[in-house]
Amino acid sequence: MTVRILLLSTLLYCTVPAAFAQGRVYRDRVEPQWNVSGTQFWYSNRLPEDGREFWLVDAEQGSRRPAFDAEAVAQAFSRQLSQEMDPRQLPVDSLEFAAAAETLVLVGKNGRFLWNTAQSSLTPLPQDAATALRLFLPPRPSQGSSDSTELEIHNQLDQPVSLIWISTAGEERHYADVAPGASHRQHSWAGHVWMLRVEDSGNSGCFRVPADGISVTVTRELLTSVERQPRGGRRNRQPGAENPVSPDAHWQPFVRENNLWLKNLQDESEQQLTNSGTAEWTFRRDAQRARSVGMNFDLQDFPDHVSNCRWSPDSEYLLAWQTTQVTETRVHYVESTPGDQLQPRLHSYPYLKPGAEIPVATPHLFRISDATHIPVSTDLFPNPWSLEFQRWSADGSRCWLMYNERGHQRIRLLEITVDDGKVRTVIDEYSPTFIHYSAEGKTELRWLSDEQAIWTSERSGWNHLYSIDLQHGKVAHPITTGEWNVRRIDRIDMEAGLIWFTAVGIIAGQDPGFEHACRVRLDGSELRVLTEGDGFHQIQWSPDRRWFIDRWSRVDLPPVSDLRSADGALVCRLETADASELLTDGRTLPIRFTAAGRDGHTPIWGIIHLPDDFSPDRSWPVVENIYAGPHDYHVPKEFRSVWGHQRQIANSGFIVVQIDGMGTAWRSREFHNVCWQNLKDAGFPDRIAWMQAAAQAFDWLDLSRVGIYGGSAGGQNAMAALLWHGDFYRAAVADCGCHDNRMDKIWWNEQWLGLPRNDIYERNSNTEHAHLLQGRLMLVVGELDRNVDPATTMQVARRLIQAGKDFDLVVVPGAGHGACETPWASRKRIEFFRTALGQPEPRAATVQAVPD
């Protein structure tokens with residue numbers, strides 16, 4: 001038996017491997033800037049060799065033309081600035097519509113200029129401070145995004161300016177120093193935050209990058225007019241940290257010694273409403289659940305006097321919650337190499353695991369006029385995972401709560417009548433397996449009135465919209481039907497009687513993960529798909545919703561942008577992206593491939609990544625990138641200019657595949673149910689069938705050498721491949737895996753496995769089945785992981801040692817979740833696969849070409 005334990009430093013996190021280098025994509029996104037009347041907009045495109053162009057679109061006329069004559073504007077700028085100007089590199093960052101039709105305002109680092117098309121004249125305008133960029137402090141974390149863009153920094157100071165990226169965790173990372181008078185271009189992602197800092201003076205400020213990029217001219221005025229948000233005070237006060245005042249401003253509840261009291265704001269008198277409160281069952285507002293279930297680990301308790309109450313709109317009734325307190329189970333871990341000291345540091349955080357006791361909130365109803373406690377029966381919500389307030393009726397006679405039963409097989413919308421506290425069921429959703437409550441778009445409730453609502457349900461086997469008669473507690477009628485899914489509700493217009501929503505799988509023959517924009521009447525008539533094209537669609541409405549821009553793409557098709565009217569009719573084609581720079585030196589886009597799954601007929605969709613030096617006359621080992629978490633589908637559907645670890649591994653001598661097997665979401669309910677109490681399945685029979693079919697189509701795939709890797713749930717999946725399908729998979733890298741779901745977060749695991757009863761969790765545990773290991777395994781874990789308890793990797797490693805199994809264990813000091821995506825560990829992953837699977841080999845078989 002051999003166990004190789006590798007401890008590695010994380011000092012080189014910011015290093016960018018050569019495999020991630022890329023060309024640029026042009027004309028891939030239209031960011032419209034509409035005029036006041038909503039009939040015209042302009043947008044700009046980045047071009048090769050630092051070029052830029054501006055376009056003007058008239059939606060009513062269906063026309064698209066250059067916003068101005070670039071040659072003429074370049075000549076005018078040359079005269080104004082006394083220097084030669086390239087028509088493709090004008091000092092213009094944005095435009096503004098002017099009062100006269102033949103004029104536009106050109107805005108850039110040199111100021112604002114009025115361009116008159118008829119006269120070919122350029123007139124300087126005074127700077128409008130209201131439209132100038134305003135930096136902010138303190139830094140805000142970057143927002144995650146897949147939209148690639150760039151920023152430009154023009155330093156007009158006599159001192160160097162540091163450009164610092166603010167990570168999604170709020171950490172500062174230095175990227176560049178811009179010398180006095182110099183400019184710097186930097187790749188970024190939309191929503192990322194960057195800081196400008198002048199080291200000598202200490203002046204600094206931050207800005208967020210929009211999707212169409214940004215050009216920043218650094219001046220003393222810019223750095224001295226920073227918007228400063230106070231760190232303390234009301235703006236940063238914890239939400240819900242104050243007791244609600246009644247709508248008539250006469251009353252305010254509060255908590256004293258865990259009981260609920262009421263204060264008369266007119267005469268300052270106080271009255272005790274309850275005497276059942278204790279430290280274990282309190283009327284205080286609860287923060288435990290958000291900490292230990294919602295993973296908001298650092299959330300502080302609310303002040304002792306703060307209650308959790310809801311007033312009726314007439315101030316006659318008060319609904320209050322009394323919450324059980326539980327012991328907060330904590331995960332402990334050691335930070336071996338803190339940055340500020342030599343000795344290690346012990347950390348802990350609250351983290352509930354499947355089967356743990358959770359805080360439970362019970363509603364109490366009070367009539368204010370006589371301080372009467374009206375009992376509310378708990379018979380219809382006996383075992384809540386959650387019981388959430390929804391709303392009061394307009395007249396204050398009723399209120400509604402949403403009950404999600406522990407185990408997630410029943411969800412009820414409950415109505416409480418305030419006169420007598422009676423509770424009745426308005427919506428009763430039941431599944432013998434699980435209800436996918438945690439997904440946006442499922443079990444979604446939209447109120448139309450106190451008597452009518454829209455509810456999304458999978459009761460038909462597909463996620464659809466239903467009109468609910470709240471008065472009689474029944475379905476009035478289905479609004480949508482068919483073998484496809486409503487992905488989300490986008491907008492409801494009661495006056496027009498219309499619902500706009502996003503659907504998946506609605507167009508037969510297309511990838512069922514492709515999103516399309518749709519519209520239907522509230523009565524279920526006139527269903528219309530508003531988008532066209534075989535791809536994944538994202539739309540952006542004009543301010544008055546008369547038009548929308550439809551941007552659609554596939555992994556093998558760069559984005560196409562169309563302008564459409566509100567009814568979906570094509571107005572004009574705006575852009576077809578140019579990805580030619582990406583496709584150099586042999587690089588290709590991923591291949592989409594579909595094959596029947598385990599049942600011989602259900603389509604399984606996946607993609608194939610080829611290396612840049614691909615040749616069909618060689619036999620290539622195959623590496624699957626897996627993530628089979630049942631909360632979504634995971635094979636990318638949209639075009640990407642950057643493929644991180646997939647391309648890095650492919651360019652190291654492998655074919656990389658990604659597949660969505662049965663058990664993932666947003667197909668039929670039957671498809672999804674495969675995961676129920678069966679996470680070890682992970683769609684492997686479908687994945688194997690897909691690869692076998694792909695090898696028939698592309699005989700350069702060598703299925704005698706198949707590896708697999710993944711992180712988090714994908715780490716659990718990767719190791720499971722060698723336990724239950726070791727006759728097909730030869731090697732696996734399992735990063736930060738939840739190898740025993742009893743060790744992982746409570747909400748995610750109870751969603752699919754239910755409560756830990758019988759041997760459900762043991763049956764799905766890698767740890768309990770470690771003795772079944774076949775093939776080569778590398779386990780990777782970051783010591784600071786606060787998503788998946790790092791102890792689960794150590795526990796499965798111990799079982800492997802006890803079973804006499806050979807494996808590699810890579811522990812990454814200073815790393816958190818996703819430790820294998822650090823440069824050192826990702827390199828070790830490649831070396832591992834090269835050793836376990838070998839490299840491409842010449843073959844004598846008939847050569848098959850790659851399809852166009």
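Modeller: Two strands count as paired if DSSP finds at least two bridges between them. The model discussed here is predicted.

Biologist: In β24, which residue is the bridge partner of Cys309?
Modeller: Strands β23 (309–311) and β24 (317–324) are separated by a loop. They pair in the antiparallel sense over three bridges. Within that pairing, the residue of β24 that partners Cys309 is Ala320.

Biologist: In the hairpin of β23 and β24, which residue takes a positive phi?
Modeller: This hairpin has five residues between its strands. Asp314 lies in the loop there, but the residue with a positive phi, near 65°, is Ser315.

Biologist: Is Asp314 buried, partly exposed or exposed?
Modeller: Asp314 belongs to a negative surface patch, together with Asp248, Glu316 and Asp395. Its relative accessible area is 32%. Buried means under 20% and exposed means over 50%, so Asp314 is partly exposed.

Biologist: How many bridges pair β24 with β27?
Modeller: Two facing pairs show where these strands meet. Leu319 stands opposite Leu365 in β27, and Thr323 stands opposite Ala361 in β27. The strands run in the antiparallel sense, and the number of bridges is seven.

Biologist: How many of the eight residues of β24 are buried?
Modeller: β24 has several partners, including β22 (residues 281–282), which pairs with it in the antiparallel sense over two bridges. In that pairing, Trp281 stands opposite Thr324. β24 is mostly covered, and its count of buried residues is seven.

Biologist: Why is β27 described as largely enclosed by the rest of the structure?
Modeller: The strand covers residues 361–367. A residue counts as buried when its relative accessible area is under 20%. β27 is called largely enclosed because, of its seven residues, the number buried is five.

Biologist: Which residue forms a salt bridge with Arg598?
Modeller: Side chains of opposite charge can pair when their charged atoms come close. In this case the closest N and O atoms are 2.7 Å apart, and the partner of Arg598 is Asp686.

Biologist: How many residues apart in the chain are Arg598 and Asp686?
Modeller: Arg598 is partly exposed, with a relative accessible area of 33%, whereas Asp686 is buried at 0%. Arg598 lies in the loop between β45 (591–596) and β46 (603–609), and Asp686 lies in helix α6. The pair links distant parts of the chain, and the separation in residues is 88.

Biologist: Arg554 forms a salt bridge with Asp556; is Arg554 buried or exposed?
Modeller: The closest N and O atoms of the pair are 2.8 Å apart. Asp556 is partly exposed, with a relative accessible area of 27%. Arg554 has a relative accessibility of 14%, which is under the 20% limit, so Arg554 counts as buried.

Biologist: How many salt bridges does a search of the whole structure find?
Modeller: Besides the pairs above, Asp613 forms a salt bridge with Arg618, with closest N and O atoms 3.8 Å apart. Salt bridges also link a network of Arg24, Arg46, Asp50, Glu150, Glu152 and Arg185. For the whole structure, the number found is 67.

Terms used: Residues are numbered from 1 along each chain as its sequence is written. This is a predicted model: local features need pLDDT of at least 70, side-chain atom pairs count only at pLDDT 80 or more; totals for chains, interfaces and linings use all residues. Side-chain values use heavy atoms; hydrogens and water are left out. Patches are made of residues with over 30% relative accessible area and no salt bridge: like charges are joined within 9 Å, nonpolar side chains (Val, Leu, Ile, Met, Phe, Trp, Tyr) within 5 Å. Accessible areas come from the Shrake-Rupley method with a 1.4 Å probe; for residues, only the protein chains shown count as cover. A salt bridge is a side-chain nitrogen of Lys or Arg within 4 Å of a carboxyl oxygen of Asp or Glu. Lys and Arg count as positive and Asp and Glu as negative; His and the chain ends are not counted. The place of a charge is taken as NZ of Lys, CZ of Arg, CG of Asp or CD of Glu. Helices (H or I, at least four residues) and strands (E, at least two) are DSSP runs, numbered from the N terminus. Buried means under 20% relative accessible area, exposed over 50%, partly exposed in between (1.4 Å probe, protein chains only).
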